[in-house]
Every structure is written in structure tokens, then in C-alpha cells.
Amino acid sequence: AQLVRADHSLLGIGHAAIAFVPIYWVWVGTCIYANTHGLDTNGDRIGLFTIGLGGMFMALAVPGAYGDRGVLFGASYLAVRIVLLIMIRRAGRMPMVSFLVAAFISGPLLLVGGFLPPPIRFALWGLAAIVDLATPAIARRALSTARFVPGHLAERFGGFLIIALGESIVDIGAPAAIAAPLRPATVGAVAAAFVLAAGLWWVYYGYAASAVQHALRTRSKRNDIIRAVLSYGHLLFVGSIIAVSVGMAAALAHPGEPLVGADLNLLFGGCALYLATFGYTRWRMFQSWSATRTSAAVVVVALLPAGAHVSALAALCGLALVIVGLNLIEYLIVQRRAKKAS
């Protein structure tokens, strides 16, 4: 989010997306390990804390990843992937292909890129991101032998979404905290942005989270769902929340003025992508579309041009109304179906 705020151009968004993939992939690798192995030994605990330290170093490096902190970012990622590879190798209960690729291909690409000028760094890091993202799909057959605990794995990926939403709440409060004086429009924008963030949480945890767990328990191709819905689908969920976070921060900075350009597109586009991703995940799980959420995504896109002609406060209120309305409609649909079934 900081990278996008610093540079709203397509290149800036590309920089942020490429920096996000390694961070997310560290989470994926750690979740996979923790799900398939116990964490009861001292070695596992030390390994997990080491990964946490590497994650902290990556976070410290992100604001200057395309400046003087590129080496720290690349070296931290490579170190984490080597630690994960060692842990997987010691346990010996899971295919190692993704961990090998990260430790010997994408990790070194990130480290080497950290020493090079930004344009070449961007190219090498982009290649590393593509390699990481493509590996689970290419190695689908090898990874199909892995055995997971479905409920716990879904909870861990949902946990990343909670972290992203929590950070968006921080972005709601930060501009208001330094505003002097604190005007009614700012207070109203804080309330609208909070309702929007809470509504996005409800869209996921109201019904979608339980649907994911149900699919993982009942569908025959469980590992395909893990790859498509958890690894890839949640990448889109979290990425869209980051976009919404940037838009909300811009709206809170000047609630009485219209959002323009990238800020407007990130706020509305992030919401639309978030909602549309549920259509993708539902199709991958049940081969059916989520009509309510896909329709809500279309409504958000349709409202985007109007958002440029109203205040940021009004734009936030409009989006919050759409998300709250979606949750209410889905609640009524579920209640009606429950009555029919009984």
C-alpha cells in the first residue's frame, strides 16, 4: 500500500504487486508446512521464529525495495525459503518441488535483482514472481500427493485476509488522527470507511469461509481447490483489500473533495475485484456462479464514473451501502431457503 501511495502510475502498481507476491508466497509456504507437520519440536519452533524474523526484514525493506533496501528484501526472502526447504527436507512428508524452486530459482533472482538498478531489478523480480505463481500449477501432479488438514489450512489463509483488513482499519484512522481540526466530514468518512471494511469482512466470513471449508471436506479434488481457491484466490482477495486500503486512505485525507484518477480506480476497482473473485472461487469449488456477488461487482463498476463527481465521503457511503445491501440480500436469501427446507 505504501508503494502504491508513493507512485499511482501503472508502473508503481506493478512494483507493489511484484513486491507483494514474495511476501504472500512466504505466507503460503509457511501455512503449508504448519498444516502438514507438527510444530512441537524445538527445531520447528526456532524455524518458525526465523521465518518470522525474515518476514519482519521483508516488511522493513518494502518501502525502499526499489531503492537502497532491495538487497535486504531479496536476501530475506531467500533466507526464509532456505529455512522452509530445510524444515520440509527434515520432516520428509511432503513433495519438495515448490520449496526447491523458491530456494534455487525465485529466491536467487530476488537477491541478484536487489544488487541491480531498478529497471533490471523490476524485470528480475517480475520473473521471480511469475516463477513462484506458476510453480503450483505446473507441478500440480507432484503436489497432488500432499495431505492437508482442510479446516486449519482454510483458517490460516483467512487469517491473512484479517491482517489485510486490519491494516485497512489502520489506514482509516491514521489520516484522521493527524487532521487538525477534526472536521465533521472526516468523522463521517471514518464511519463510512469502517462500515465498508466491516462489510467486506462480512462478505467473506458470513458465508464464504464456511463454504471453503465445506468444499475442502467434501470435494474429491481437494488439492486442486487448495491451489485454485486458497493459493490463487486469496492472493486476489488480499490484493484487492490493499487497493481498497489505498483508496480509503486517500478519501480520508480529503473527504470533502472528489477522488480522482488512481485513487478512485483503486477504491472502486479493489471492491469490484474483491467481489468478483468470489465468483471465481465459487466456480472452482462448486461449478456455479455467485450471482449476488458478481452482480454487486457490476454495480460497483457502474458506480465508478459517478464517484468522480461526488465527494470522497459520498463515494465511501455509496460503496458501504452496496456492500451492506449485498450482505442483507444474501442473509434474506439464506433465511428463505432455510424456511423452505424446514
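Leu60 has its place in helix α3. The model is a predicted one, in which local features need pLDDT of at least 70, side-chain atom pairs count only at pLDDT 80 or more, and totals for chains, interfaces and linings use all residues. Residues are numbered from 1 along each chain as its sequence is written, and side-chain values use heavy atoms, with hydrogens and water left out.

## Exercise 1

Classify Leu60 by accessibility and state which surface patch involves helix α3.

Step 1. Buried means under 20% relative accessible area, exposed over 50%, and partly exposed in between (1.4 Å probe, protein chains only). Leu60 has 47% relative accessibility, so Leu60 counts as partly exposed.

Step 2. Patches are made of residues with over 30% relative accessible area and no salt bridge; like charges are joined within 9 Å, and nonpolar side chains (Val, Leu, Ile, Met, Phe, Trp, Tyr) within 5 Å. A nonpolar surface patch consists of Leu53, Met56, Phe57, Leu60 and Leu72, with about 440 Å² of accessible area together. Areas come from the Shrake-Rupley method with a 1.4 Å probe, and for residues only the protein chains shown count as cover.

Step 3. Helix α3 (residues 42-61) supplies the largest share of this patch, four residues.

## Exercise 2

Describe the secondary structure and the overall dimensions of the protein.

Step 1. Helices (H or I, at least four residues) and strands (E, at least two) are DSSP runs, numbered from the N terminus. The protein has 13 helices and zero strands.

Step 2. The radius of gyration is 21 Å, close to the 20 Å that the globule rule gives for 342 residues, so the protein is as compact as a globular protein of that length. The radius is taken over C-alpha atoms, and the rule is 2.2 Å times the number of residues to the power 0.38.

Step 3. Along the principal axes, the C-alpha atoms fill a box of roughly 60 × 55 × 35 Å. Of the 342 residues, 48% are buried.

## Exercise 3

Locate the salt bridges and say where their residues lie.

Step 1. A salt bridge is a side-chain nitrogen of Lys or Arg within 4 Å of a carboxyl oxygen of Asp or Glu. The structure holds two.

Step 2. Asp224 and Arg227 form a salt bridge, at 3.1 Å from N to O. Both residues are in helix α10 (residues 222-253), and because they are three residues apart they are separated by about one helical turn. Asp224 and Arg227 are buried.

Step 3. Arg293 pairs with Glu330, with the closest N and O atoms 2.8 Å apart. Arg293 lies in helix α12 (residues 291-307) and Glu330 in helix α13, so this pair ties together parts that are 37 residues apart in sequence.

Step 4. Arg293 is buried, with a relative accessible area of 4%. Glu330 is buried too, at 8%.

## Exercise 4

Which residues form the positive surface patch, and which helix gives the most to it?

Step 1. Lys and Arg count as positive and Asp and Glu as negative, while His and the chain ends are not counted. The place of a charge is NZ of Lys, CZ of Arg, CG of Asp or CD of Glu.

Step 2. The patch is formed by Arg282, Arg336, Arg337 and Lys340. Helix α13 (residues 312-341) gives the most, with three residues.

Step 3. Lys340 lies in helix α13 and counts as exposed because its relative accessibility is 68%.
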